[in-house]
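Here is a short briefing to read alongside your structure. Take a look at the sequence and the model first, and then we can walk through a few residues together.

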Amino acid sequence: SEETVVVATGYGRISADFADYIITEISCHGKGAYALTGRDGTIIDVGGQDTKIIQMEDGKVSDFLMNEKCAAGTGKFVEIMSNRLGITIEELFRMAQEGTPLSISSLCTVFAESEVVSLIAQNKHTDDIVHGLNKAVAAKTASLVKRVGGEEAYMMTGGVAQNKGLVKTLEERLGTSLVISPKSQLCGALGAALFAADM
């Protein structure tokens, strides 16, 4: 019979005491993204709790940068903003591909939430608020890409990659297109499975 191998990754990897191997999400996202595209370049991973910019060379991680000090622009940030706007995350992801972006000056979750509350009180359109949030997140993400020296091809992973409005705004900011898999949120798990298969 074939041997079963378990690889744990992500924030909970240390707690998975049943795992045979523990591998960082940086390595797993790199391996998963490379398997999906077959190309080197820059992976922009906007996850639930952090944003990672991962540089790939010869199919391996050569450099990376993480924004892990706060939830700015992450899935948690999106969840909080959608709750405040009274819409689902799916609705937020479909919004704001057009429209007038309203200024959101802070990406600190607490301050941005306060700005959103103020805009709601001014009867501003929800899609314009979402567009403003997407512009703020895109600006922050693009600055992280610049800091790590991001190069094409660009691939975006994580559940937030399904936010069409954000993707469009980020592409405009970077001046190029992003490769996005319909299974973007599974990229790290795919990488972990591929590592397991290699063990």
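In what follows, contact means that heavy atoms lie within 4.5 Å of each other. With that in hand, E115 is in contact with S103, I104, S105 and S106, once its neighbours within four places in sequence are set aside. Please keep in mind that this is a predicted model.

- E115 belongs to helix α4, which covers residues 109-121.
- Although E115 is buried, it has no salt bridge. The nearest side chain of opposite charge belongs to K124, and it is 12 Å away. A salt bridge needs a side-chain nitrogen of Lys or Arg within 4 Å of a carboxyl oxygen of Asp or Glu.
- S82 sits in helix α2, made up of residues 75-85.
- Why does S82 count as buried? Its relative accessibility is 1%, and buried means under 20% relative accessible area.
- Apart from neighbours within four places in sequence, the contacts of S82 are I87, T88, I89 and L92.
- For a sense of distance, take S82 and V6, which are 76 residues apart along the chain. Their C-alpha atoms are separated by 35 Å.

**Two loop residues with positive phi**

- D58 is located in the loop between β4 (51-57) and β5 (60-67). Its phi is near 55°, a positive value in a residue other than glycine.
- Is D58 buried or exposed? With a relative accessible area of 70%, D58 is exposed, because the term applies to residues over 50%.
- N123 lies in the loop between α4 and α5, the latter being residues 126-148. Its phi is positive too, at about 60°, although N123 is not a glycine.
- N123 counts as exposed, with a relative accessibility of 68%.

**A charged patch on the surface**

- Which residues form the negative surface patch? They are D40, E57, D58, D63 and E151.
- Residues in such a patch have over 30% relative accessible area and no salt bridge, and like charges are joined within 9 Å.

Methods
Residues numbered from 1 in each chain as written. Predicted model: local features only at pLDDT ≥ 70, side-chain atom pairs only at ≥ 80, totals over all residues. Heavy atoms only, no water. Patch = residues over 30% accessible without salt bridge, like charges linked within 9 Å, V, L, I, M, F, W, Y side chains within 5 Å. Areas by Shrake-Rupley, 256 points an atom, 1.4 Å probe, with all protein chains shown as cover. Lys, Arg positive; Asp, Glu negative; His and termini not counted. Charge placed at Lys NZ, Arg CZ, Asp CG, Glu CD. Helix = DSSP H or I, 4+ residues; strand = E, 2+ residues; numbered from the N terminus. Buried < 20%, exposed > 50% of the residue type's maximum accessible area, 1.4 Å probe, protein only.
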